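Thanks for coming. I will take a few minutes on the aromatic residues in this chain and what surrounds them.

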Amino acid sequence: DQAAWQWIELDTYERDIVAAYLSETNHDNIQDILDNYAGSSDSHNPQTEYAEQYAADCMDIPDGLSCYIDYEKLGRDLAMNMQFIRYNNTTYIFNNF
């Protein structure tokens with residue numbers, strides 16, 4: 001079975017990513033899961049943490065203005081197109097597909 005061989009070839013971190021996703025869904029295409037993986041967080045508020053990282057990576061925010069951004073609201077908006085799955089004390093973040 002191809003899925004079994006794919007699983008064997010994954011490293012431990014990738015297995016955790018796939019196991020987290022499979023704990024909440026029945027979509028079992030390993031490559032789709034890994035392609036849509038967006039990150040992980042140990043934070044108590046992973047949506048806010050993700051929004052802060054997203055803003056830092058994707059937005060050109062002038063110095064001094066970052067404190068005026070409501071990252072909690074931005075995180076909630078971003079989460080509408082994502083899945084945040086808590087698994088083994090870590091939140092794994094996936095783009096919806």
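First, the term I need: rings of Phe, Tyr and Trp (its six-membered ring) count as a pair if their centres lie within 6.5 Å; planes under 30 degrees apart are called stacked, over 60 edge-to-face, and the rest tilted. By that rule the structure holds 7 aromatic pairs.

A word on the source. This is a predicted model, where local features need pLDDT of at least 70, side-chain atom pairs count only at pLDDT 80 or more, and totals for chains, interfaces and linings use all residues. Residues are numbered from 1 along each chain as its sequence is written, and side-chain values use heavy atoms, with hydrogens and water left out.

Now the pairs. The rings of tyrosine 13 and tyrosine 37 are edge-to-face, because their centres are 6.2 Å apart and their planes stand at 80°. Helices (H or I, at least four residues) and strands (E, at least two) are DSSP runs, numbered from the N terminus. Tyrosine 13 sits in helix 2, residues 12-24, and tyrosine 37 in strand 1, residues 37-41, so this pair ties together parts 24 residues apart in sequence.

Tyrosine 37 also pairs with tyrosine 92, and that pair is tilted, at 6.5 Å centre to centre and 45° between the planes. Since tyrosine 92 lies in strand 3, residues 90-95, and tyrosine 37 in strand 1, the pair ties together parts 55 residues apart in sequence.

Buried or exposed? For burial, the cut-offs are under 20% relative accessible area for buried, over 50% for exposed, and partly exposed in between, with a 1.4 Å probe and protein chains only. Tyrosine 37 and tyrosine 92 are both buried, while tyrosine 13, at 43% relative accessibility, counts as partly exposed.

Next, the core. A nonpolar core is a set of buried Ala, Val, Leu, Ile, Met, Phe, Trp, Tyr and Cys residues joined through side-chain atoms within 4.5 Å. The largest one here has 11 residues, among them Ile17, Tyr21, Tyr37, Tyr92 and Phe94. Helix 2, helix 3 (30-35) and strand 3 each supply at least two residues of this core, and helix 2 gives the largest share, 4 residues.

Last, the strands. Two strands pair if DSSP finds at least two bridges between them. Strand 2, residues 82-87, and strand 3 run antiparallel and are joined by 6 bridges; glutamine 83 stands opposite phenylalanine 94 in strand 3. The two strands form a hairpin with 2 residues between them, and asparagine 88 in the turn has a positive phi of about 50°.
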